[in-house]
Amino acid sequence: MALIVQKYGGSSVPTTERIRRVAERVVGAHDAGHDVVVVVSAMGDATEELLALAQHVTRRDTAPCPRELDTLLSVGEQVSSTLTAMAIHALGASACSCSGRQAGLITTPAHGGARIVDVRPRLVREALDRGMIPVVTGFQGVCEENDEVTTLGRGGSDTSAVALAAALKADVCEICTDVDGVLTADPTIVPEAKPIGRLSHEAMRELAAGGARVLALSGAEYAERHAVTLRVRSSYDERPGTVVADEPERPPSYGSAARVVGLAHDPSPPAAGVPAPPAAGPTREDDAGTVSLVGSGFRSHAGVFLLLRETLNGIGLPFVPVSVSDTRVAVLCRASRLPDAVRALHRAFVEIPAGSPGPGTRPTGGEGARGAEADGRGDRLRRTVRCRTGAPGPAPPLRRTGSAQAMAVVDARRAR
């Protein structure tokens, strides 16, 4: 018997028919002998509809009162949690809906973007002890300082589920969504994207930070911090999905190839002060996004940088890095060209060449003479990226976006 926390997002419960299907899945796990806690988001586009209502009753130049807006938005999850509990009852199992307050999700007082600071799931534990299935509202909690309802911001239901799983010491937290797991790229852009069988917490966090929307960044960070085992899977079938868990530490394998596990992209501007990518004609600073490679060994195998630049240049895009680490490389890209960049980089780094044995992520550089040669050329490119022209020696690694660092990149590009 296992204790499982299952989270269902809005795309999994858009209609009452889908809520019944979710209830059948939950009851099936319960009948198999597992203790199950369910966390649900608002149905479909309910949150957006509530936001629109709030805007309609306020003047265009006036933002809705944050306190009242949080109270209004919390209604969406209460509707889906009570309907899910009713559907579970109709199948012969016992369930009870719980608000974030009742589930003991304690937050900071920031309306619209609160953070969870503690979880006291007394009522949830009592329901489990009585053989019931608690159905908890995601996305919301209560501030202990003023007893106000708060919401956690976009993706907050993921964080609610992970926090509950950590507090209950659950065996696994299942993030049930509308895709088959964490994929190697956004399937709406890359139809050939494949599910990744297993990821480390670090890789999941880097994908979320790069813009992958299958799991909220706050949820990925919470899972990594509290070592919560995740399983990202489809709510529409029984495929195994992606397991996110850290393996026991092993000694570093020197000379092993760099590996790319997947790509993420974010169409929003990365930070203030970073110029839009060079292009002919007029430009706007907000007409830029980022595309990220996520994997391991990037610093020790600079051939990654060479292949990255050549791939982008091959489709007429400049190579403008905005952050570099051993596990993620993010480059700036004009927002309208992001799909082209994602497709090209997926072909270059992730898709398996013809004749390669079996599925898996593609190693890059560091293998044999060709890998060493690529790494050598890539090292020269990386030094160019990291150093301002004429600076005495190498600069520190480029980690965070900033105007000075961005100008260093532009200067280096001009020097070439």
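Student: How confident is the prediction, by mean pLDDT of the protein chain?

Tutor: The model is predicted, and the mean pLDDT of the protein chain is 84, with 78% of its residues at 70 or more. Over residues 366-374, however, the pLDDT is below 50, and this stretch has 9 contacts in the model beyond near neighbours in sequence.

Student: What about residues 384-416?

Tutor: There too pLDDT stays under 50, and the model has 44 contacts for residues 384-416 beyond four places in sequence. Where pLDDT is low, the predicted coordinates should not be read in detail.

Student: Moving to the sheets, what is the strand order in the open sheet of 8 strands?

Tutor: The order is β3-β6-β2-β1-β9-β11-β12-β10, and the pairing is mixed. At the edges are β3 (95-98) and β10 (198-199), each of which pairs on one side only.

Student: How do β3 and β6 run, parallel or antiparallel?

Tutor: β3 and β6 (residues 133-137) run parallel and are joined by 4 bridges. To locate the pairing, look at Ala95, which stands opposite Ile133 in β6.

Student: Which strands does helix α5 lie across?

Tutor: Helix α5 (residues 156-168) lies across β1 (3-8), β2 (35-40), β6, β9 (172-177) and β11 (230-234).

Student: What is the angle between α6 and α7?

Tutor: Helix α6 (residues 201-209) and helix α7 (residues 217-226) pack at an angle of about 165°, and their axes are 9 Å apart. The two helices are therefore roughly antiparallel to each other. The crossing in which α6 passes α7 is left-handed.

Student: Which residues meet there, from α6 and from α7?

Tutor: On the α6 side are His201, Glu202, Met204, Arg205, Ala208 and Ala209, and on the α7 side are Leu217, Ala220, Glu221, Ala223 and Glu224. The residues of this contact divide into 6 nonpolar, 1 polar and 4 charged. Ala223 of α7 belongs to the contact with α6 and also to the contact with α5.

Student: Now the open sheet of 4 strands: what is its order?

Tutor: Its order is β5-β4-β7-β8, with mixed pairing. The edge strands, β5 (116-119) and β8 (148-151), each pair on one side only. On average, neighbouring strands of this sheet are turned by 45° against each other, direction ignored.

Student: Which way does β4 pair with β5, parallel or antiparallel?

Tutor: Strand β4 (residues 105-107) pairs with β5 in the antiparallel sense over 3 bridges. Within that pairing, Ile106 stands opposite Asp118 in β5.

Student: And how many bridges are there between β4 and β7?

Tutor: β4 and β7 have 2 bridges and pair in the parallel sense. Thr107 has Cys143 in β7 as its bridge partner.

Student: What happens between β7 and β8?

Tutor: β7 and β8 run antiparallel and are joined by 4 bridges. Val142 has Val149 in β8 as its bridge partner. The hairpin of β7 and β8 has 4 residues between the strands, and Asp147 takes a positive phi near 60° in this hairpin.

Student: Which helix lies across β7 and β8?

Tutor: Helix α3 (residues 66-90) lies across β7 (140-143) and β8, running at about 70° to β8.

Student: How is α3 placed against α2, roughly parallel or antiparallel?

Tutor: The axes of helix α2 (residues 46-56) and α3 come within 9 Å and cross at roughly 150°. The pair is therefore roughly antiparallel, and its crossing is right-handed.

Student: Which residues of α2 and α3 meet?

Tutor: Thr47, Leu50, Leu51 and Ala54 in α2 meet Leu69, Leu72, Leu73, Gly76 and Glu77 in α3. These contact residues divide into 6 nonpolar, 2 polar and 1 charged.

Conventions. Residues are numbered from 1 along each chain as its sequence is written. This is a predicted model: local features need pLDDT of at least 70, side-chain atom pairs count only at pLDDT 80 or more; totals for chains, interfaces and linings use all residues. Side-chain values use heavy atoms; hydrogens and water are left out. Two strands pair if DSSP finds at least two bridges between them. Contact means heavy atoms within 4.5 Å. Axes are lines fitted to C-alpha atoms, for helices over the stretch in contact, and angles run from 0 to 180 degrees between N-to-C directions. Angles under 35 degrees count as roughly parallel, over 145 as roughly antiparallel, 65 to 115 as roughly perpendicular and the rest as oblique. A crossing is left-handed if the near helix is turned anticlockwise from the far one by less than a right angle, and right-handed if clockwise. Ala, Val, Leu, Ile, Met, Phe, Trp, Tyr, Cys and Pro count as nonpolar, Asp, Glu, Lys and Arg as charged, and the others, Gly among them, as polar. pLDDT is the predictor's confidence in each residue, from 0 to 100.
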